[in-house]
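Here is a walk through one structure, strand by strand. Keep the sequence and the 3D view side by side as you read.

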Amino acid sequence: MPNLLHLDSSADLGASRSRAITAAFAAAWRSLGDDHTVTRRDLHADPLPHLADAALHWPPRLRPAGASPDSAAEALQQELIAELVASDVVLVGAPLYNYTVPSTLKAWIDNVHLPSVTAPLDGDDQQPMAGRPAVVVTSRGGAYDAGTPTAGWDHAVPVLQQVLGGALGMAVEVITTDLTLSELLAMPAEAREKSERELASALTAAGDAARRLG
Ligand SMILES: Cc1cc2nc3c(=O)[nH]c(=O)nc-3n(C[C@H](O)[C@H](O)[C@H](O)COP(=O)(O)O)c2cc1C
């Protein structure tokens, strides 16, 4: 039973592009058959607490002497890790907020990235998500193409590539929709057209990716 973990983090429940694109992916995934299940976690509508205790970054054997993190926080963390490890594909809606990921998504990352549990430490082989696909859907108000003055200002996608790809060993794909604020900010027609084109191709790419990975 291929299972998709579908995360969203946009604070826009009305017109979010990342939500529209992840929804297109999830719909295409479900259309592959009843055996294609989806575990949904809306990190904005149902936010996780910030990591309660630095000790929770480590499994018990690596925690500092005397550490005793809150048991409810630890139980929630275990639930989140189990949910992650039970997924075959992870889909992450990740709008760009202040040049990085939304804090709601960062709270999830802080809970699931544990050295020697979900990521290897000192050469151990603790990397249960290794090789599994992660599809990151980034939506950004501006444009961050190479060669533009804002190239390199996006610190969201690199973090997700580093944590999901580098640390957890997943095969990360990125679907991008840029210039999402072009209408609101009355950018030139060229920017608005590019934005619409990118949205259309992102929606198509999402469906294609779901069918390819499912
Ligand atoms: C709190 C906040 C911070 C934002 N910061 C940025 C930013 O740093 N750079 C940018 O290009 N757009 C920024 N935006 C615009 C969003 O990236 C844009 O609206 C995007 O489409 C949001 O994703 P969504 O459509 O899935 O909600 C910000 C929006 C919000 C609400």
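Buried here means under 20% relative accessible area, exposed means over 50%, and partly exposed lies in between, with a 1.4 Å probe and protein chains only. Strands (E, at least two residues) and helices (H or I, at least four) are DSSP runs, numbered from the N terminus.

A word on the model. It is predicted, so local features need pLDDT of at least 70 and side-chain atom pairs count only at pLDDT 80 or more, while totals for chains, interfaces and linings use all residues. Residues are numbered from 1 along each chain as its sequence is written, and side-chain values use heavy atoms, with hydrogens and water left out.

Back to β1, which spans residues 3-8. Six of its six residues are buried, so the strand is largely enclosed by the rest of the structure. Six bridges join β1 to β2 (residues 37-42), and the two run parallel. Strands pair if DSSP finds at least two bridges between them. Asn3 stands opposite Thr37 in β2. Right-handed means that, with the strands pointing away from the viewer, the path from the first strand over the helix to the second runs clockwise.

β1 also pairs with β3, through four bridges, and these strands run parallel. Leu7 has Val92 as its bridge partner in β3.

Now follow β3 (residues 89-95) to β4: six bridges join them, again in parallel. Leu91 is partnered by Val135 in β4. The chain gets from β3 to β4 through helix α3 (residues 103-112), and this crossover is right-handed.

How many residues of β4 are buried? Seven of the seven, residues 133-139, so β4 is largely enclosed by the rest of the structure. Pro133, Val135, Val137 and Ser139 point one way, and Ala134, Val136 and Thr138 the other. Seven bridges tie β4 to β5 (residues 171-177), in parallel. Thr138 pairs with Thr176 there. With helix α4 (residues 157-167), β4 and β5 make a right-handed β-α-β unit.

Last, the ligand. An oxygen atom of the ligand is 2.5 Å from an N or O atom in the side chain of Ser18. A ligand oxygen also lies 2.7 Å from a polar backbone atom of Leu96.

Technical notes:
Polar contact = N/O pair within 3.5 Å; in protein donor to acceptor, adjacent residues only side chain to side chain.
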